[in-house]
Amino acid sequence: GSFYSKPQLSSALTHHKTAEQLATISAEKARTQFQANIYTYSIVTEINPQQQTVTFNNKIIPYQHLVLACGAEPIVPTMSGD
């Protein structure tokens, strides 16, 4: 749930930094800074846009603005040759 700058990933790997060393803002600090509820490690089972609710962990949470940060997968281009 912590924020880190993705461009810093390559240098962090080169310098053998841990995830904790790479993180610049914790989820708790972001919650305070942005005045937002941040739920990490949660599996959403339903989103109801008409009622503006999200269901996860057997809880129904109302929302005004919803941001889903689902992570990312790298795009690996197909290449031939060396």
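Threonine 55 is buried in this predicted model, because its relative accessible area of 14% falls under the 20% cut-off for burial. The residue is found in strand β2. Leaving aside residues up to four places away in sequence, threonine 55 touches Ile43, Val44, Thr45, Glu46 and Ile60. Glutamate 46 has threonine 55 as its bridge partner in β2, and the bridge partner of threonine 55 in β3 is isoleucine 60.

Strand β2 covers residues 53-56. Thr53 and Thr55 point one way from this strand, while Val54 and Phe56 point the other way. Every one of these four residues is buried. Further pairs can be read off along the strand: threonine 53 stands opposite proline 62 in β3, and phenylalanine 56 has lysine 59 as its bridge partner in β3.

The pairing of the strands comes next. Strand β1 pairs with β2 in the antiparallel sense, over 4 bridges. Strand β3 (residues 59-62) also pairs with β2 in the antiparallel sense, over 4 bridges. Taken together, 3 strands form an open sheet in the order β1-β2-β3, with antiparallel pairing. β1 and β3 stand at the edges with a single partner strand each, so one side of each has no neighbour in the sheet. From one strand to the next, the twist averages 20°.

The connections between these strands are hairpins. In the hairpin formed by β1 and β2, 4 residues lie between the strands. Glutamine 52, in that turn, has a positive phi of about 50°. The hairpin formed by β2 and β3 has 2 residues between its strands. Here asparagine 57 is the turn residue with a positive phi, again given as about 50°.

Asparagine 48 belongs to strand β1, which covers residues 44-48. Is this residue buried or exposed? Asparagine 48 is buried, because its relative accessible area is 16% and the limit for burial is under 20%. A polar atom of the asparagine 48 side chain lies 2.9 Å from the backbone nitrogen of glutamine 51. Asparagine 48 also touches Thr53 and Tyr63, with residues up to four places away in sequence not counted.

The strands are one part of the chain. Its secondary structure comes to 3 helices and 3 strands, and along the sequence the pattern reads α-α-α-β-β-β. Helix α3 covers residues 27-34. Both arginine 31 and glutamate 28 lie in this helix, 3 residues apart, which is about one turn of the helix. These two residues form a salt bridge, with their closest N and O atoms 2.5 Å apart. How many salt bridges does a search of the whole structure find? The search finds 1.

Arginine 31 counts as partly exposed because its relative accessibility is 29%, and glutamate 28 is partly exposed at a relative accessible area of 48%.

The last topic is the chain as a whole. Its radius of gyration is 17 Å, whereas a compact globule of 82 residues would have one near 12 Å. Along its principal axes, the C-alpha trace spans about 55 × 35 × 20 Å. Buried residues make up 13% of the 82 residues in the chain; asparagine 48 and threonine 55 are among them. Among contacts with a separation of 6 or more, 11% are accounted for by residues 24 or more positions apart.

Conventions: Residues are numbered from 1 along each chain as its sequence is written. This is a predicted model: local features need pLDDT of at least 70, side-chain atom pairs count only at pLDDT 80 or more; totals for chains, interfaces and linings use all residues. Side-chain values use heavy atoms; hydrogens and water are left out. Buried means under 20% relative accessible area, exposed over 50%, partly exposed in between (1.4 Å probe, protein chains only). A polar contact is a pair of N or O atoms within 3.5 Å; within protein, one must be able to donate a hydrogen and the other to accept it, and residues adjacent in sequence count only if both atoms are side-chain atoms. Contact means heavy atoms within 4.5 Å. Two strands pair if DSSP finds at least two bridges between them. Axes are lines fitted to C-alpha atoms, for helices over the stretch in contact, and angles run from 0 to 180 degrees between N-to-C directions. A salt bridge is a side-chain nitrogen of Lys or Arg within 4 Å of a carboxyl oxygen of Asp or Glu. The radius of gyration is taken over C-alpha atoms; the globule rule is 2.2 Å times the number of residues to the power 0.38.
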